Amino acid sequence: MNYDKGYFESPEFRELLAKYENSTRLGINSYFGIDEFVDLLSYYLSVDKSDEAANILDAARRLHPTAPENIKMGIKLLLYNGDPEKALELFGELKYVDELEALSIKAEIMVALRKFRQAHDIAIELLQKSTPGQESIYEGLEILLDCGFALDALEICETALKAAPHQISLYEVKAECLIELQRINEAVKIYNELLDDNSYSTFYWEQLGHIYYMVKKFGKSLECFEYESAINEDIEYSYMMQAYCYYYLRDYDSAKKIFATLAEKYKNTVTPIFYIGLCHYRQGLLNDAINAFDIAISNAQEGTIAMMLARINKAILLDISGEKSVADDAMSMALLMHPDNMKQLVLTGNHLYELRDKENLTFDDMNIIETKEWSTEETLYKLGVHLVNHHHPELGKRVLKYCRDLSYDKADIDAYLAHILWTAGKKDEAIQYIENALDGRSNTLFELFDVPYNANISSQAFTSQIEQ
C-alpha cells in the first residue's frame, strides 16, 4: 500500500523494469525472483496499468507457485480493481507473514470496505507495536489518513519524527496530513525541501502539482506535471493532469490534443472525450461538443454519474441549439437512469457540468461535496435550479417535477415551478403551485417574483401584486 515511490526512479529498479519489458517484448522466459515480481506489480499499479500488473501476478504464480507473496499481490490487485470483498477472502489464506505486515494489509482491506473504525483500531495497534524507524509506522499513519483522521495522524507523525528525524517517509506522510487539513503552504514547503534533495523524484513533483491543482494554481500545477513527464514520459497520469490544467488555463487546443491522445489509446474511456466536449463548447463549437458527448454516452456505463452528466450536458447543448424536443428526451434519459450517488450535481459553478473524480477535485469542490450527505432530492433540486438559472426553463421544469415526486418538502420546488409557468404565460397552471408554495411558507417564491415576504398573503393577493 505505502510503497516507496522513490525506488521506482532508482537505477536498480529501472534496470529491472527494462529487463522485464525486453523479455516480454522478445518473448523470452527470463527468470525473476518473487521480490522482483512484487516490485514490478507495485510499479505497474502506481502508473495505472492493472493489466500489466495482472500479467506479473500470473508469471509469479507460474515461477513461484507456493510463495505467500502471490497472495499479497493478489490482494493488492483486487483492491486496485475495487473488489475488497474478494480481497478479504484471499486474506484468510495468508500464512507465514510478519504480524505487522498482516495488520497493514488487513487495515487496507478495511479501508476499502469503508469500515473506518476497524481500520483505525488496526492502525493504532500497528503503530503501538512498531519501533522508531520501522516502515510500519509510515503504513499506520497512512491508514489513519485514509480513514479521515488527519489531525491524529499529524500529531503521531510529529512525535515519530522526533525519534527518527531523518526518516524521509515520515516527512512524506506529514505533508499528506497537511494537505488533508488544507494547510497548503506548509505542505508545499516540505515537498520543495524534499525536491532539493531529490530533484528527479516524479512522486514529489506529482504531489506538488496536485497540491497546486487543488488550490487552482493551474500554471504552477502544469509546470510540476511537465517536470514529471520530462523525468518519466511513461507516467500517463501526469499527461491527464496537464490536460486538466490546460483546460482551466483556457488553452483548449493544447488540452484537446492530450485528451485526444488518451481517448485514442483507450477507446472505451469516458473522461478524455467528455473533456474534449467541454473544450469544444468553450470554443463555441456546439455541434462538435454534442458529438463528443454522444461518444462519451456510448462509452459510459449505464447508472454512472459520467453517463448522467454527459446526457445532461448534451441536453443543455441541444436546448441552446433550439432542438427542444431532442433536448427533453436527453434529459428524460438522464433522470430515468440516474445513479444512486449524484452529489456532483451540486457543483454548479459552470454552465456545463465537469466530470470529477478523486484526482481532479479542487478544495472548493471538496468543501461543497463533503459539507454534508446529499440526498437524491437535494441533488436533483440543485440540478433543476441550475438549469433555470442558466435559462433552460423547460429542462428545469422537467427535473423539478421529477424531483417533486421524491421530496417531502415541496414548497421551494413549487415556487420554481410557479415562476417558470408564470413567466411562460401559463398563469392558470402557475396559480396552484403559487398556492402550494405559500402554504409551505416558501420565501423562495417571494425572492423569485421580487416581492417582499408576507406570511399572511393570499394567493389572490400575491398574483395581483405580481401582475402589477
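Tutor: In this predicted model, the side chains of E354 and R282 form a salt bridge, with N and O 3.6 Å apart. The two residues belong to distant parts of the chain, 72 residues apart. E354 sits in the loop between helix 19 and helix 20 (363–369), while R282 is in helix 16 (residues 271–282). The general idea behind such a contact is that side chains of opposite charge can pair when their charged atoms come close.

E354 has a relative accessibility of 7%, so it counts as buried, because the cut-off for buried is under 20%. R282 has a relative accessible area of 37% and is therefore partly exposed.

E354 has another partner as well: its side chain meets that of R356 in a salt bridge of 3.1 Å, N to O. Here both E354 and R356 are buried. Salt bridges with shared partners join R282, E354, R356 and D365 into one network.

For context, a search of the whole structure finds 21 salt bridges. One of them pairs E302 with R311, whose closest N and O atoms are 2.6 Å apart. In that pair E302 is partly exposed, at 40% relative accessibility, whereas R311 is buried, at 9%.

How values were computed
Residues are numbered from 1 along each chain as its sequence is written. This is a predicted model: local features need pLDDT of at least 70, side-chain atom pairs count only at pLDDT 80 or more; totals for chains, interfaces and linings use all residues. Side-chain values use heavy atoms; hydrogens and water are left out. A salt bridge is a side-chain nitrogen of Lys or Arg within 4 Å of a carboxyl oxygen of Asp or Glu. Helices (H or I, at least four residues) and strands (E, at least two) are DSSP runs, numbered from the N terminus. Buried means under 20% relative accessible area, exposed over 50%, partly exposed in between (1.4 Å probe, protein chains only).
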